[in-house]
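Here are some brief notes for someone opening this entry for the first time.

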Number of protein chains: 2
Amino acid sequence: MEPPAQARRVTIVDVAQHAQVSTTTVSKVLRNAYGTSAATREKVQRSIAALGYRPYAAARGMRGRTYTVGVMLPDIRNPFFPDILDGLTEALRETDYQVLLGPGGCNDEPAEARVTEAMIDRGMDGMVLIAPVSSRPHLERVARTVPTVVVGPHGNSAAYDTVSDDDTLGAALVVGHLVGLGHRRIAHIEHAESDPTRLADMPNAIRAEGYRRAMREHGLAEEIDIVSTTYTQEGGYLGARQLLERARRPTAVFAGADIVALGVLEALDEAGLSVPGDISVAGYDNTSLAALRPISLTSVDQAGRQIGAEAARLLLGRIADPGRGAAHVRLSPTLVARRSTAAAGG
Amino acid sequence: MEPPAQARRVTIVDVAQHAQVSTTTVSKVLRNAYGTSAATREKVQRSIAALGYRPYAAARGMRGRTYTVGVMLPDIRNPFFPDILDGLTEALRETDYQVLLGPGGCNDEPAEARVTEAMIDRGMDGMVLIAPVSSRPHLERVARTVPTVVVGPHGNSAAYDTVSDDDTLGAALVVGHLVGLGHRRIAHIEHAESDPTRLADMPNAIRAEGYRRAMREHGLAEEIDIVSTTYTQEGGYLGARQLLERARRPTAVFAGADIVALGVLEALDEAGLSVPGDISVAGYDNTSLAALRPISLTSVDQAGRQIGAEAARLLLGRIADPGRGAAHVRLSPTLVARRSTAAAGG
DNA sequence: CTGAAAGCGCTAACAA
DNA sequence: TTGTTAGCGCTTTCAG
């Protein structure tokens, strides 16, 4: 009457015995490898089902693949990431690959490095790095070790594929929208990047540059007004406070991210200003937040699912042929106008 | 001038050679195992650093541990989970364990099973299942295979530890708060559970029962009014629409989750009703959403970080001693009153 | 088309 | 305290 202890795991050997074949054959069936007859294949599959066998990924990883792809996501709170993940997991659902997520810190480079290292140590067959803040050399080192796709505009590296959204266009969409509503004093809140080596690569810098360019193209070079804080709710709050102290207040604020826009809304509310009556506010990312009734934020939609699906496609290709040239896919965002923006001076 | 190909991974053998010791010794140093002199230990550590050696988790997993704990989270969009994760990762930061997340579907039992299986296959040393919807037998099967902690009120199983919040108390806090504000017609929106086998275990059922009990205790048994939808924004929206059609409209709505409350707010807004002027609304979970100015939702705080930290503590204990008795920790929630609730009839 | 055997990197008896 | 050795479960040459 002992408790049945930790039941020993069913192994490939058990399956081989049960099916009266060699372990090699079982292995081949598992991997749909070339060189097994239909009859054998079926026999083995029956044994697998009968015994409830499941391949042990760690053991597979010692020789071949782990059938696992690691996804590093820097900030689990950012509501833009789930969409990417959905696209990713859906695209991988029909494959043998399993997605595991690594929680990177928020804008925390050491934390990111820990996660990528941990994933390499755990034999990931491929990795997707979502909006990493790590330096380019680090990314390339990772990519040289394991097939890698970076989501976000991280330059035309030959070591990894990238999927990104055209943030220059996105910024132009916002500015165009606001100009169309009659706004001229349109301010922008950006995320300040301290590390100059990667400055030009980051979405925030690109959005800010897109804002500048669009303002110039609309003949509003004089009105360019950028506040540098951070892509957080607090950053938005503090940025808005700065803007409200201006002698000439902006009539519209383009926040570099939805979460920033929320902070802006908070500051405006506190100052007794109404949106969009007194000031129009636009965000970026079209997160689920933006769609909420009481917020109803005009934003830029990055088509996260599509980004994720594209990343999955690229990664599978790269796993199949690690040596192939790098692909850099750029998707176009769309503007989603909501109630937080309205005609100027209204 | 060949490209340096995939540089071979540095192994324990390389370290042993470099340090002029056996692989056993290196292995011992890695695991801080008993039986190495300080001098040897230091020598080995220098070699490890010099060669940039990192243990290969898959290989470790074949014999001992992978130093990986798997966290299954059912719905990455639920803003309550990041807090739990924070508590969890922080508690594990100083250990050798790495956290990897498995994306379960939303209320999708097969998806959950896939993730737990995948984690077992990948040799996780322990697992934390956050608010699983899987059946009790499945959970016990998992727990029998690998040390497991379940976050959520999933009964007093002897096979796994649980950390949960006292939802009965939480519901009572909300009802008490509303009654204190003079409300009597207090309705509740719950998540309908179809599977009867786990009905009593789920938080939604407990919250609903807590609501019922609290109403009775306040002498409001007659006013008990429960709408069954789902714990989603849409569920809240639809639930509120039903409530608005009542002959005697409730003056307060207790939504079983913040996300549900958002749907309620949307429906009320659409109906031209003001909050809290016409109707008070309370949620549950005190997610970051609730704190947002334009929402400012009264809610119940579950102390997610604390839950996560507790789960980590229990899991480490269970990994160290898988046979030890199951612990069931219950934490007390607190009420966070915000602007979405106010005196009745005001 | 199938199987025997070597070995991936590491840990855990057991000896020395 | 240290080293030798035998695997963990699987994939992969290489013969049959």
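**Notes on the interfaces**

1. In this predicted model, R54(A) and E117(B) form a salt bridge, with 3.5 Å between the closest N and O atoms. In total, six salt bridges are counted between chain A and chain B. There are also 15 residue pairs in polar contact between these chains, both residues being at pLDDT 80 or more.

2. On the side of chain A that touches chain B, the elements giving two or more residues include β1 (68-73), α5 (81-93) and α11 (258-270) of chain A. The largest share comes from α6(A), with seven residues. By class, this side of chain A has 25 nonpolar, 16 charged and 10 polar residues.

3. The contact between the chains involves 51 residues of chain A and 51 residues of chain B. About 4,200 Å² is buried between them, and carbon and sulfur atoms give 58% of that area.

4. DNA strand C is surrounded by 23 residues, and T24(A), T40(A), I12(B), R31(B) and Y53(B) are the closest. Of the atoms of DNA strand C that come within 4 Å of the protein, 62% belong to sugar and phosphate.

5. Two contacts to phosphate oxygens of DNA strand C can be checked in chain A: a polar backbone atom of S22(A) at 2.9 Å, and a side-chain N or O atom of T25(A) at 2.8 Å. A base nitrogen of DNA strand C lies 3.3 Å from a backbone N or O atom of A59(B).

6. Which element gives the most to the surface near DNA strand C? It is α4(B), with four residues. By class, that surface has 10 polar, eight nonpolar and five charged residues.

Terms used:
Residues numbered from 1 in each chain as written. Chains lettered and ligands numbered in written order. Predicted model: local features only at pLDDT ≥ 70, side-chain atom pairs only at ≥ 80, totals over all residues. Heavy atoms only, no water. Contact = heavy atoms within 4.5 Å. Buried area = accessible area lost by both parts, 1.4 Å probe. Salt bridge = Lys/Arg side-chain N within 4 Å of Asp/Glu carboxyl O. Polar contact = N/O pair within 3.5 Å; in protein donor to acceptor, adjacent residues only side chain to side chain. Nonpolar A, V, L, I, M, F, W, Y, C, P; charged D, E, K, R; others polar. Near = heavy atom within 4 Å.
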